[in-house]
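Please go through the terms applied to this model one at a time. For each, state what it rests on.

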Amino acid sequence: GTPVLSVRDLVVGAKTPQGPRTIVDGVSFDLHQGQILGLVGESGSGKTVTCRALMRLLPATSLSIQSGSIRLIDQDIAHLPEDKMCQLRGSKIGMIFQNPTSHLDPVMRIGEQIAESIRFHENASRREAKAKAVDLLRQVGIPDPQSRVDNFPHEFSGGMRQRALIATALACNPGILVADEPTTALDVTVQAQILRLLLDLRDQRGLAMILITHDLGVVAQTCDSIAVMYGGRLAEIGPKRALLREPRHPYTARLIACQPGASTGYGLMPSIPGQPPSVNAFPSGCRFHPRCDLAIPICQQEHPPMREMAQDHFSACHRAEDVVPLRTDTDVNQA
Ligand code: SF4
């Protein structure tokens, strides 16, 4: 079917003390109804900036969309005026964040915050909005929502606060949810519960989701497809299983090898040699070349174009055919 979100050649520029920089460079992907896309990369890879750009939540003084399109259902929102965008945010596309505490007002009751979000988009009375808030809290698994609706954020645990934030994001029935490291601040048990909740919401509501994370384990548990970013560009994108079992980019193969479960036998996790590139000094050609075992001379000169290696599985590597999985015994491959 037609994608609910279609991003094409997105370029985001930054003003830095060293001059203008391109920090997201030519990112393209589609998202379909009911699909969960994992957007993976190290910090500085451009994954969060990409998602801020499609929510149109870039800090105006430092970052801006330079070119490309962001098609939300049937409308290009890349340059939509803020008053129009404001209506779409929440009603068409919702967002949850890593740290729910900083996105909840500490002096406002949980129910009031959800109700406010409902009343911003819908013509509901206070009473109706509160009833809906109770229902939403129930849907996100808050026990005893009838009384919990009057709690303040500090009366909720970390996991419950994230559930409350999810309820707020869902208040106006968006078809798309963008989740930026939604479980990173939570302990492992709670993390699994929140991921389960996101999967249930996808099943019940047909929500499409973009899950931004540095954690391939989270992606393996939750996502249908995976996009890997490196140095502001997409390195690889494809169906989860294919990408984890047969990565077609050396960086993805390394990331998989560095997951827990891929132990070195000394209790240490292997890591990718070298440093992630800095936006102020992106390497020429393929940005991964200083760290790549497979690099050949052309890699330093020419940016590798995206090529389709198998159905819906694309890689931006001059030597995509030569990539072999480094490990097959990791947890992510049990997914
Ligand atoms: Fe490595 Fe070259 Fe492929 Fe880049 S294009 S990932 S340097 S082999």
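Q: With which residues is Asp312 in contact, leaving aside its neighbours within four places in sequence?
A: They are Gly238 and Pro239. Two residues are called in contact if their C-beta atoms, placed from the backbone, lie within 7 Å. The C-alpha atoms of Asp312 and Gly238 are 5.6 Å apart, although 74 residues separate the two along the chain. This is a predicted model, in which local features need pLDDT of at least 70 and side-chain atom pairs count only at pLDDT 80 or more, while totals for chains, interfaces and linings use all residues. Residues are numbered from 1 along each chain as its sequence is written.

Q: What makes Asp312 count as it does, exposed or buried or in between?
A: A residue is buried if 20 or more other C-beta atoms lie within 10 Å of its own, exposed if 12 or fewer, and partly exposed in between, with C-beta atoms placed from the backbone. Asp312 has 13 C-beta neighbours inside 10 Å, so it counts as partly exposed. Its place is the loop between β11 (307-310) and β12 (313-315). Such strands (E, at least two residues), like helices (H or I, at least four), are DSSP runs numbered from the N terminus.

Q: Asp9: buried or exposed, and how do you know?
A: Asp9 has 11 other C-beta atoms within 10 Å, and is therefore exposed. The residue belongs to strand β1 (residues 5-16). Its phi is near 50°, which is positive although Asp9 is not a glycine.

Q: Arg56: buried or exposed, and how do you know?
A: For Arg56 the count is 21 other C-beta atoms within 10 Å, so this residue is buried. Arg56 sits in the loop between α1 (47-55) and β4 (63-72). Its phi is also given as positive, about 55°, in a residue that is not a glycine. In α1 itself, the buried residues are Lys47, Val49, Thr50, Ala53, Leu54 and Met55.

Q: Why is strand β3 (residues 36-40) called largely enclosed?
A: Five of its five residues are buried, so the rest of the structure largely encloses the strand. Both faces of β3 are covered, with Ile36, Gly38 and Val40 buried on one side and Leu37 and Leu39 buried on the other.

Q: What joins β3 to strand β8 (residues 208-213)?
A: Two strands pair if DSSP finds at least two bridges between them. Five bridges join β3 to β8, and the two run parallel; Gly38 stands opposite Leu211 there. β3 also has four bridges to strand β9 (residues 225-230), again parallel, with Leu39 opposite Ala227. Since at least two bridges are required, β3 pairs with β8 and with β9.

Q: Why are β2 (19-31) and β5 (75-76) said to stand at the edges?
A: The open sheet of four strands has the order β2-β1-β4-β5, with antiparallel pairing. β2 and β5 each have a single partner strand, so one side of each is without a neighbour in the sheet. Between β1 and β4 there are eight bridges, and Val12 has Ile65 in β4 as its bridge partner.

Q: How do you know how compact the protein is?
A: The protein has 11 helices and 12 strands. Its radius of gyration is 21 Å, close to the 20 Å that the globule rule gives for 335 residues, so the protein is as compact as a globular protein of that length. This radius is taken over C-alpha atoms, and the rule is 2.2 Å times the number of residues to the power 0.38. The C-alpha trace spans about 65 × 45 × 40 Å along its principal axes. Of the 335 residues, 42% are buried.

Q: Which residues make up domain 1 and domain 2?
A: Domain 1 covers 5-92 + 174-334, and domain 2 covers 98-173. Such bounds come from an automatic or database domain assignment. The contact takes 14 residues from domain 1 and 16 residues from domain 2. On the side of domain 1 that touches domain 2, α2 (82-91), β7 (176-180) and α7 (188-205) give two or more residues, and α7 gives the most, with four.
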